[in-house]
Amino acid sequence: MFHFVLLAMALNYHTVGNAEVITSPFSDKHCPGFFYKDTEPKNLMPQSFARICQRFNNKYRFATMYDRQNHIPVYSAYVYQAGNSNRIGWLIEPQLVGNSYNKEMEDEVLTTIDRNLLRASQALDDDYKDTKYDRGHINPSLHHNDPDDSMSTFTLTNIVPQNATLNQGAWRHYEEDTIKHQAADCTRTYAIVGAIPGNNYISKGRVNVPAYIWAAACCTLQNGGMKAWAVIADNSGINRVDPITLADLEKKLSTHPTRPVHLFHTDCPKNTLIKFST
Ligand SMILES: *[C@@H]1O[C@H](CO)[C@@H](O)[C@H](O)[C@H]1NC(C)=O
């Protein structure tokens, strides 16, 4: 049984391409630049996943671990820069359909990919229609000062059903103000934002509604040191974002006792609890 499962997994992942949906861990060779010391989180992969090196307008923009069953990201990783949101239509990831497809994200309205194939591989814009949830960004559009970087966050592989009050309230406050305040003395801030799946779904079970949404960051300081912090928000109808230590967040993300989650390279301190400015 065990061998069968391993074999099935190996076959499954070999059918996934070797380019923008990548089979190797994110590293200095695969999708470099988005993780501190190019180290991807340890043990943070769902049963069926795709690593997407998010490419838009001929450039890699950020990295996403995509949950192929729940049709939501597990996390997106990027370098934080205070910026403005630049909007574009909703985008999709052709490579989730198959590795012979375009290596760049495409506009869902303009793509020529067969609608059923597309729908089978990922969440689409209309999955979110007529639900009470916002299309909540994991990597936020306003954390980028390059307009193309910002537009690339509108891929639905970077979106989760998020409580609208939270998305436009406490979470927005974290995205706009708290992180800016925290990152003020950082020379480079590596952010990882993610979602913990819950028991509810939208669109007839197609898209999971996360129980929690979390954000973590690790930065290099002007004085040569390191700093890290994390927050978590209950997505079930509480408009609140709580500070949490990286160590406690990792515990919450670990689903198996012998496979603990480590979000960042070991240089990042784990026990800081931030105070919110307001
Ligand atoms: C979202 O949260 C608010 C409170 O912050 C709550 O009143 C509302 O019912 C929630 N929406 C959903 C869809 O759960």
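Trainee: Which residues are around the ligand?
Mentor: A residue counts as near a molecule if one of its heavy atoms lies within 4 Å of it, and here the residues around the ligand are Lys132, Asn163, Thr165, Gly237 and Asn239. The protein covers 57% of the 360 Å² of accessible area that the ligand has on its own, with areas taken from the Shrake-Rupley method with a 1.4 Å probe. This is a predicted model, in which local features need pLDDT of at least 70 and side-chain atom pairs count only at pLDDT 80 or more, whereas totals for chains, interfaces and linings use all residues. Residues are numbered from 1 along each chain as its sequence is written, and side-chain values use heavy atoms, with hydrogens and water left out.

Trainee: How many residues of the shell around the ligand are nonpolar, polar or charged?
Mentor: With Asp, Glu, Lys and Arg counted as charged and Gly among the polar residues, the shell holds no nonpolar, 4 polar and 1 charged.

Trainee: What does S2 pair with?
Mentor: Strand S1 (residues 21-22) is joined to S2 by 2 bridges, antiparallel, and Ile22 has Arg51 as its bridge partner. S2 also pairs with strand S3 (residues 59-67) in the antiparallel sense, over 8 bridges, and Ala50 stands opposite Tyr66. These two strands, S2 and S3, form a hairpin with 2 residues between them, and Asn57 in the turn has a positive phi of about 50°.

Trainee: Are the faces of S2 covered or uncovered?
Mentor: In a regular strand the side chains alternate between the two faces of the sheet. Buried means under 20% relative accessible area (1.4 Å probe, protein chains only), and in S2 both faces are covered, with Phe49, Arg51, Cys53 and Arg55 on one side and Ala50, Ile52, Gln54 and Phe56 on the other all buried. Gln54, for instance, has a relative accessible area of 0%; leaving aside residues up to four places away in sequence, Gln54 touches several residues (heavy atoms within 4.5 Å), among them Tyr60, Phe62, Glu93, Met105 and Thr157.

Terms used: Buried < 20%, exposed > 50% of the residue type's maximum accessible area, 1.4 Å probe, protein only. Helix = DSSP H or I, 4+ residues; strand = E, 2+ residues; numbered from the N terminus. Pairing = 2+ DSSP bridges.
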